[in-house]
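Here is my notebook page from a morning of looking things up.

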Amino acid sequence: MTAATPQVGFDEFEEQTWQKRLAYVGRLLQRDRGGMLGFILFILIVLTAIFAPVIAPHDPLKQNLRAAKQPPAWQEGGSWEQPLGTDTLGRDMLSRIIFGTRVSLTVGFFGVLIAGTLGMVSGLVAGYVGGRVDGAIMGVVNIFLAIPYLVFVVVVAAILGRNLLNVILIFGITDSPIFARVTRGEVLRIRESGYVESAVSAGASTGRILFDHILPNLIGPLITLATFEMSAMIFYEAGLSFLGLSVPPSVPSWGNMLQVGRQYLTIYPWIATWPGVAIAITALTFNLLGDWLRDVLDPRLRRSRK
Amino acid sequence: MEPILQVRDMVTRFYSVDGVVHAINGVNFDLYEGETLAVVGESGSGKSVTMMSIVNLIPQPPGKVEGGQAIFSYGEMAQDLLQLSEDEIRHVRGGQIGFIFQDPISSLNPTMTIGSQIAESMTEHLGFSASEARSKTVELLRNVGIPDSERRFNAYPHHFSGGMRQRVMIAIAVACRPKIVIADEPTTALDVTVQAQIVDLVKRLQEQMGVAVVWITHDLGVVAGLADRVLVMYGGTVVESAPVDNLYEDPRHPYTIGLLKAIPRLDATGEAETEELEVIEGVPPDLYQELTLCPFAPRCGYAFDRCWAEVPPLIEVGVQHGAACFYDVERGGPRNGS
Amino acid sequence: MVVKEEVEVIKEVEKEVIQTVEVVKEVEVEKIVEVEAPDVPKGELIVSVSTFPNSIYMPNAAERNASNVANQIWEGLTWVNDDGEVVPALAESWEISEDGTEYTFKLREGVLFHDGTPFTAKDVVASWEAGKDPSNAYAYNAEKAKAVEVIDDYTVKMTTEAPDPLFLRSTLSKDWAMIPAAYYEEVGLEGIEKNPVGTGPFKLIEWVKGDRIALEAFEDYWDEGLPKVAKLTFRPIPEEATRIAAVQTGEIHIANRLPADEAQRLLGVENVKVVRYPSDRVYYISFNNLTSGIGTPIEDKLVRQAFNYAIDREAIIDALFNGYADLSTGYITPGNLGYDASIEPYPYDPDKAKELLAEAGYPDGFEIGMACPTGAYTNFEQVCEAVGGYLNDVGITFEGGEIQFMESGQYWDLEANKELPPLFGDSWSTTDGEAYNRLQGALGADASYAAWNTAELQDYIDRIGSTVDDVERGKLYSELHKIMYDDPPFVYLYEPNTFEAINTAVQNYKPRAAEDYFLKEVFIAGAE
Amino acid sequence: MQRYLLTRVVQSLFLLLGVLIVVFFLVRLTGDPTSLMVAKEAPAEQREAFREAMGFNRPLIVQFLDFGAGILRGDFGDSLHFRQPALELILERLPATFYLATVALLLAIVIAITIGIIGGSNPGSAIDSLGRALGLFGQTIPNFWLALILILIFAVNLGWFPSFGRDTSISVVLPAVALGFGSMGQLVRLTRSAVLEIRNEDYIRTARSKGISQFKIGARHVFRNASLALVSVISIQYSYLLGGSIYIETIFSWPGLGNLLQQAVDGRDFPLVQAIAFFISFFVIALTLLTDVAYALIDPRIRYSS
């Protein structure tokens, strides 16, 4: 260190008590207004998803075709009964958007969980064992990366049929190669660093090395990646809906709502606007959060700051 | 003799998440033409930041030079470097003041040939054409002891060993025949055997070019055979400034005294002396606090009430010898007027 | 049998359809300058198609967009005119034998193919042979003729296995394309498809796949004075919103297949008029009594009636089609032969539905499987959702908790194998002016897509299929209409309207209920 | 270097083979295209005859070997729907997609690099804020939605650009913007964070200590190193763009491969799906190879050491 640039102090971070850590996270958030915004929005979105039945004014599936396509309350012909208006089947937009949070978060969370688990395990094995195993695993990963995403998704969707579980599975499978690549890269990087070598020479078992040395170092980059991928999945869901391959039309997912509203974009703009806004805000949230997490967790950035 | 560089009351601060870091708190020193000035201190003492601040090399933000002067005089010209615009100061950097950094591995651009990295500053400051710069560079490479320099012009940094890279760094620093070279711990990252070669190289070039060298180090041990004068820094201030012999024989600041006791000395036979090395008790000062007392007071065995109340200025204690201490070590009591 | 009789009966029916073609928005009258058609072909007419035509050779043109391009290049022996009459085209006249299986055609003389060769009897034989090549998707259309013989250069005799009421109207008018025999011999089927040579008013200049199909006027066309435009270009634009944008900017002249709501948007646009007309396509929820529906409550007639009462179809039409669709009363639609106008659509009466269910022994409703395709038809997913909601209201719940939505390819596979649940949604169109094909396809004992069949229905279908006399056939249709209303094999939903947006410069364009385009008389006002 | 290249080429060939196998069997798992190809009214015998004629009733492995042998002859089979050789169809459409995706990518790269480097070098400046905003919006606006809005504004209301097709030289503008927007966002972020990281590198300090002008530091030192980060993701971005072209080409009626792929998948046009998947994979793999070589050219460390 040549310049006495003040350090954000990660090294001390590890030894501090949780109160201090919390306070520290608070300070970090305070400094990064984007991260702060992302954090607050994230909490709000998660709360919305959890308490959807409590918050939503109506049943999101309750149709009333005689009151279809009502504009938002502040426009002429709207009512506060349905503050954001109604869709083509007369269902309450606000309630559907609120319940849509559940679908999006479920898809994002479990999709990333599956992709992350699959990817991490294969990446770990590939990176750690190396040699032919590495070659074989990365070969498969690369094949999957080289196949056009749409062909893959459409075919899998056609085989499995349309439902929430399948959409999660599809994203879980198609997204796992990215996690595998990142994991493998990190494992290789960590393996080359001195401390794993010294642990090996000190006779530590493979399991110990994995759990004590490699896994803790993987968590940062993987959590960051997961955040971005969750945002991407909310997008993919909308894309799948565009092709009519996402969750069944009856499920109030933002993608479905956007897809239905697309054809009314100029006449009944609210039908497409709200889900669009919901997608944008959620994607924004995860991106802000991801940016911030990357700054805080990525060891490479940490290093370069010194 | 007029000093080539006069630094007065320089203050530099860093604004970070956790608060304001008071990195430099009123630094004063002079640098004379052709001399070697060693700047000594532990990490965080502000020795590098001082030198970076002079030529606007500290990262901004978070860093900011908030006060003082740095008068740079050569020939008829005299200008306050701190007042120059970035465009003006950058011609001083590289043109008049060259830098050698600690880690030659990360300090060279991995994607450019070493030749072009040297030639770059010649074309920038001396207005050389590409071919002129190239031939000068080859010459310079030879001069800093890189064999087969014609061919090595197109080599990349990763082809070189650490010592060779440091030679390249040195070539970069002196490429435009500057008046001052600031060497920031240039040997710390190198093998012991290479260290001596690098020191010799710098000395040789200094003689050839008559350049003043500021040698930043945390190791008082290497200073003895190298420097004309020494500046000891602590907590962002200069605590003692003296000709090198003076400092070793007659240190006047308790911190310097502590430092000197912590150096393992080799006697003529190469055996380490048997007497035990002393360690300075306590921790370095908290730079988040504004400086209102002697920064060394918490660790100082001689500290008395005044030391806790004000910042001691650099007091003339001998010929060219200053110490920032209210306590007169020689007399064994508070300095006169204290 | 006399040909003229046949024509009259149908004329009545078809007239009704044509009258319902409605100009939703006319341009202010003073703006229309009285324009006369040019003497020679002038200007370029640009028409959008909503899909990428797969082939512009009739026996392979997969759907209406493709066949509409083919219609301009090829011609059949007969033609169904705008009034629904079967009129001579490449055949000048014809005679039908007593038993209705032998047709003798007198061919029009002086007709030239695009390559300059004259059209004669041997070309008809070649066309038949090319059409029934098994690699053609619609080979069975050509196979409807068992034999085609050359009598002399301008006389041809055809034989069908049994009397076929649709042979002249359908098969020979739009399913066969007359190709030059010599050219066919030279280039084969592949060559014909790639570089079509027909007798139609336009000939192909180039087909830039995915971009445009460019045609130009055929100067030696047999029908004097036609066509009226010098160039005719079809542009495939699958996205509705883009078709609407393009007709607004004037990049295209005719935008077809627009959704009702979007078409409304064009009402304020100066250079565009919007027309709508009913299309002959029935949307329905089918019941199954052949496989998955055996042993379920839907075998009970009362239950099936209850379903028809349970659904507020008017609300569905208002909400999803902006009110522009007609309530369906059965498989025989208002434009079809034998339509019984006295039959009223089932009203929305949930109480009556509950009563009927109770009477059938299901006072609390029951659970049953239902499926719908996705990506197949405009808004159909939402229609199914709405239907589901109404059925829930009378106590019907679905297996697995919800309607199964399936990608259309997979859906039709299951449908063809009769593996769909007892309730499933679909639609069936026809361009023949009568419902035979649709009835046979959805209810016939040996039809792939049939899920419902009874002896009574089969008997009617068989009789209709062999009755050449239109009056007799019309009566049979009417009876069947009533039977299928009282004992419904389907929940009848709606017959949608088709919207098109047309540039006001386009003159003499007459959209037809069958959505088939014949553009030889269309011209562009002010074209240079 | 030559050995490196050779290994990579061989690897790529294996990858391509893997893609072929996976695509072939995946596509067949969706079922049989007969229902989609043969008219609803057609009698059962004709369905069987069609199946027979197309060879769908043969064992899968036989179909695959046949397919493989065909490819070696340069024959990808005939499209079922379009009734002409799949290869011919693809070659007709390929240039349009290639052109669109390339324009979109170039647009994204040029804008991303300019804004990323200028913004990243001056954190907090107006251009940096613009870059951050672009980065976020690129991730939060679905491209098909953007496409529709662009048509409304720039074709219908302003009349500056055509609303569809590829008729004039400016036809590419709207689709390229809609297609490249997401990539632009990602690349801006990437460039910006790479620049922020590089800015802290010691060699940049060295360059500054040499008194090199800000512009030259950006152009010579930062750009070259930041482009390493960009080059490594360009093949990934390109494959994203090819995926996105499915939506964009459909909306703009652009006569390209994405358009064709959607139809082929919809209609289970097996030979066409296989051939398109193969070609897109081929391009992605070739591009990956190319970028790796480019990477090696830019980064001297790789050139000699691997």
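I began with the two domains of chain D and found 32 Å between their centres, taken over C-alpha atoms. Domain 1 covers 2-73 and domain 2 covers 92-304 in the domain assignment of chain D; such bounds come from an automatic or database domain assignment. I then looked up the contact between them, to which domain 1 of chain D gives 14 residues and domain 2 of chain D gives 14 residues. Two residues are in contact here if their C-beta atoms, placed from the backbone, lie within 7 Å. Helix H1 (residues 2-29) of chain D supplies the largest share of domain 1's side, 11 residues. I sorted that side of domain 1 of chain D by class and got 11 nonpolar, 2 polar and 1 charged residues. For the classes, Ala, Val, Leu, Ile, Met, Phe, Trp, Tyr, Cys and Pro count as nonpolar, Asp, Glu, Lys and Arg as charged, and the others, Gly among them, as polar.

A note on the source: this is a predicted model, where local features need pLDDT of at least 70 and side-chain atom pairs count only at pLDDT 80 or more, while totals for chains, interfaces and linings use all residues. Residues are numbered from 1 along each chain as its sequence is written, and chains are lettered from A and ligands numbered from 1 in the order in which they are written.

Next I turned to chain B. Is strand E8 (residues 212-217) of chain B buried or exposed? I found 6 of its 6 residues buried, so E8(B) is largely enclosed by the rest of the structure. (Buried means 20 or more other C-beta atoms within 10 Å of a residue's own, with C-beta atoms placed from the backbone; helices, H or I of at least four residues, and strands, E of at least two, are DSSP runs numbered from the N terminus.) One side of E8(B) carries Ala212(B), Val214(B) and Ile216(B), and the other Val213(B), Trp215(B) and Thr217(B).

I checked the partners too; strands pair if DSSP finds at least two bridges between them. Strand E3 (residues 36-40) of chain B runs parallel to E8(B), with 5 bridges, and Val40(B) stands opposite Thr217(B). Strand E7 (residues 180-184) of chain B is also joined to E8(B) by 5 bridges, in parallel, and there Val181(B) stands opposite Val213(B).

Last, I looked up Ile168(A), which lies in helix H8 (residues 164-192) of chain A. Ile168(A) counts as buried because it has 23 C-beta neighbours inside 10 Å. Beyond its neighbours within four places in sequence, Ile168(A) is in contact with Val107(A), Phe110(A), Gly111(A) and Ile114(A).

Key:
A residue is buried if 20 or more other C-beta atoms lie within 10 Å of its own, exposed if 12 or fewer, and partly exposed in between; C-beta atoms are placed from the backbone.
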